[in-house]
Amino acid sequence: MMNNVTLKNILELLKDGKRLDGRKIDEFRDIEIETNVISKAEGSARVKLGKTEVLVGVKVNLGKPYPDSPDKGVLMTGLELSPMSCSEFESGPPREKAIEISRVIDRTIREGKIIEVSKLCIEAGEKVWMVFVDVYTMNFDGNLIDAATLGAMAALMTAKLPRLENDEVIRTDLKESLPVNGLAVASTFLKVGDKIIVDPTKDEEDASVSRLAVGIKDGNIVALQMGGDLGISDKELDDILERAIKHSKKLLKYLKKK
Amino acid sequence: METKPKYLYKNSKRLDGRNLDDYRKMKIKMDVVPNAQGSAEVIFGKTKVTAAVHGPRVMHPRRLALPDKALLRAKYDMFSFSVEDRKRPGPGRREIEISKVTAEAFRSVVFLEKFPRTVIDLFVSVTQADASTRITGINAASLALAAAGIPMRSLVVGVTFGKIYDEKGVGHVAIDVDKPEDQWGMADVAYARAPATGDVVLLQMDGDMTKEEFDKGKKMADKAIDVVYKAQIKALKDKFEVSK
């Protein structure tokens, strides 16, 4: 946890619309995206958002479809809060925080229909491709949702589909891309004091009382997740959605550079 | 590689073109995890491992703390996408065992008695696996501990060795085994030592080797260890040098 002095500084500065790291209220940190960083993965990306760093890998396995969607492939998104990335993270299976965040990332990919799951069907009811998107935190300084969503998109964009030869999965010399349809991004907003800030650092997250993450695709809202102990007003909600749509255009540019 | 190759060694060359006593291209990157006290990434060929140290810090729960020295713990973690077939996240039996031997490799070299009642947490993350991951992790962990400023009697340096067969099925001793050699080879040995104290601190083997083959492999590995040791020292000197 953060000390009281830092908390006081964050709140005092925000009264004048300033932040501890010199950013404006509606400003993202520097973003760096690197793709194809793990040759063993079918797709991969390393994203740096300020001091937050995530490593995302996409693996594609052969599996059986779910009974309620026999002709569709399977998408699974996981997040590991690696204990090396932050002294407050402990080893062990994912708990509340990791599970919530991975489900929010999953929602943006799924509801944004980023992966055309119908094209992942090999034999209806029997054989489909299962796409695993695994996010690992390498260094944590807040705002995992936005960093991980960028990473997931960059990894999916560059991911290749394995081949099936005599029921054997071949992962060498892959050419066919994963069926990816458009891109979505997320912007996370926090209410700290009476201000709404975007792309929070860890200290800002510790100081905040409410959070809203917004997933956007083609200017439309595809995922929402509120969090924190206090609510937000109608006006604040409206402000956040407008800002999320605006930010999505800038975030997409980082992905399209790839 | 799905089917067993006819040979792993032919015309004095290994499958990837190396000689028996060549180790793969090695790379060291320091301070890759800013939140940790010390961290390093070590790359051997296609094997990539990041190690990070947190501590010495307060032990939770307190009852696990040792009254007269620090507890050194290690967590070896293989990322799900680091291998050919996705690995389920979280530690399995293999990872728990490697975590144990990794922690033990460092307990004799770290001055644990300087930090009673605390814990030193060592995290070893395999981001890309192409065999020799535990030994690559040992080299990264040695650098991370030193970078954290934790006093040590010695760095710890490792190189694997193993036995690979030629087209006639005859075994040859080779160092720094890669994935096909690990998977199909006749023996492999994970080997690490503390050069400054002279002790062997990690040793695991599976397969089948004569005493002579073992001695030969160890000798070849010791030569490579000298080089890796110097590379570790250089990386640390570069990190701590005040100005150039």
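In this predicted model, helix 2 (residues 96-111) and helix 3 (residues 144-158) of chain A have axes that come within 10 Å and cross at roughly 45 degrees. Axes here are lines fitted to C-alpha atoms over the stretch in contact, with angles from 0 to 180 degrees between N-to-C directions. Ile101(A), Val104(A), Ile105(A), Thr108(A) and Ile109(A) of helix 2 meet Leu144(A), Ile145(A), Ala148(A), Thr149(A) and Ala152(A) of helix 3, contact being C-beta atoms, placed from the backbone, within 7 Å.

Turning to chain B, helix 4 (residues 211-240) has 30 residues that should span 44 Å at 1.5 Å a residue, and its end C-alpha atoms, 42 Å apart, agree with this. The expected span is 1.5 Å times one less than the number of residues. Among the buried residues of this helix are Met220(B), Ile225(B) and Tyr229(B), where buried denotes 20 or more other C-beta atoms within 10 Å of a residue's own. Their cover includes helix 2 (133-147) and strand 11 (187-194) of chain B.

Finally, the two chains touch through 24 residues from chain B and 29 residues from chain A. On the chain B side, strand 7 gives the most, with four residues.

Residues are numbered from 1 along each chain as its sequence is written, and chains are lettered from A in the order written. Local features need pLDDT of at least 70 and side-chain atom pairs pLDDT 80 or more, while totals for chains, interfaces and linings use all residues.

Technical notes. Helix = DSSP H or I, 4+ residues; strand = E, 2+ residues; numbered from the N terminus. Buried ≥ 20, exposed ≤ 12 C-beta atoms within 10 Å, placed from the backbone.
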